[in-house]
Amino acid sequence: MDGRAHDASTLLLATTGFLLLRPYQPDGALAFALASLAGGLFLSPDLDLDYSRPSRRWSLLRFLWAPYRALHKHRGRSHTYLYGSLSRLAYLALLGTAVWWGAGQLVPIEVPPPAKEWAERTWPFLLAGYLASQWLHLLMDGIRPFAKR
């Protein structure tokens, strides 16, 4: 599947999820939509390719994903339902922790309490949106869950 189709499906997923969840969980709907957009547009399984749309969206920071690309050949383990999805989250957490620690050495940093409370309240929706975007990408690539590869 080409990048435009993946991007369109990500936008459709985020919009649909937001509209379906909004009447019942307004904050959860926003969290789901934001996480699915981030997951599909910036943290796609195609980060294992230097020239993919998600890689190019990182612009000057694309180099940060070079170690991830070195560890994952295209459509290898990066294109699996659990390992692939969780490996990108773990790698992003590692990058974020390094930046947070480095910046914290210069200036004390604290998460504003409202943002922290929002994340604590909506984390299941954040995770669901992210995973839904990852798994939609894999389905569109013809990779079926539990199928022998």
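Reply: Start with a pair of helices. H1 and H2 are roughly antiparallel to each other, because an angle over 145 degrees between their directions counts as such. Keep in mind that this is a predicted model.

Me: At what angle do the axes of H1 and H2 cross, and within what distance do they come?

Reply: The axes of helix H1 (residues 3–21) and H2 cross at roughly 170° and come within 8 Å. On the H1 side the contact involves Asp7, Thr10, Leu11, Leu13, Ala14, Gly17, Phe18 and Leu21. On the H2 side, the residues include Pro26, Ala29, Ala33, Leu37 and Leu41. By class, the contact of H1 with H2 has 12 nonpolar, 5 polar and 1 charged residues.

Me: How do H2 and H6 pack, and at what angle?

Reply: Helix H2 (residues 26–41) packs with H6 at an angle of about 40°, and their axes are 7 Å apart. That angle makes H2 oblique to H6. The crossing of H2 past H6 is right-handed. Among the H2 residues that meet H6 are Leu30, Ala31, Leu34 and Ala35, and their H6 counterparts include Trp118, Thr122, Phe125 and Gly129. By class, this contact of H2 with H6 has 11 nonpolar, 8 polar and 2 charged residues.

Me: Which residues of H5 are buried, and what covers them?

Reply: A general point first. An α-helix has 3.6 residues a turn, so residues three or four places apart point the same way. In H5, the buried residues are Gly84, Ser85, Ser87, Arg88, Tyr91 and Leu95. Their cover includes helix H4 (66–71) and helix H6 (113–140).

Me: Where does Leu92 sit, and is this residue buried, partly exposed or exposed?

Reply: Leu92 is in helix H5. Its relative accessibility is 29%, so Leu92 counts as partly exposed. Leaving aside neighbours within four places in sequence, Leu92 is in contact with Leu43, Trp58 and Trp65. Leu92 and Leu43 are 49 residues apart in sequence, with their C-alpha atoms 8.8 Å apart in space.

Me: How far apart are Asp2 and Met140, in sequence and in space?

Reply: Asp2 and Met140 are 138 residues apart in sequence, and 9.5 Å apart in space from C-alpha to C-alpha. Asp2 lies in the segment before H1. At 36% relative accessibility, Asp2 counts as partly exposed.

Note on methods:
Residues numbered from 1 in each chain as written. Predicted model: local features only at pLDDT ≥ 70, side-chain atom pairs only at ≥ 80, totals over all residues. Heavy atoms only, no water. Buried < 20%, exposed > 50% of the residue type's maximum accessible area, 1.4 Å probe, protein only. Helix = DSSP H or I, 4+ residues; strand = E, 2+ residues; numbered from the N terminus. Contact = heavy atoms within 4.5 Å. Axes fitted to C-alpha atoms, helices over the stretch in contact; angles between N-to-C directions. Parallel < 35°, antiparallel > 145°, perpendicular 65-115°, else oblique. Left-handed = near helix turned anticlockwise from the far one by under 90°. Nonpolar A, V, L, I, M, F, W, Y, C, P; charged D, E, K, R; others polar.
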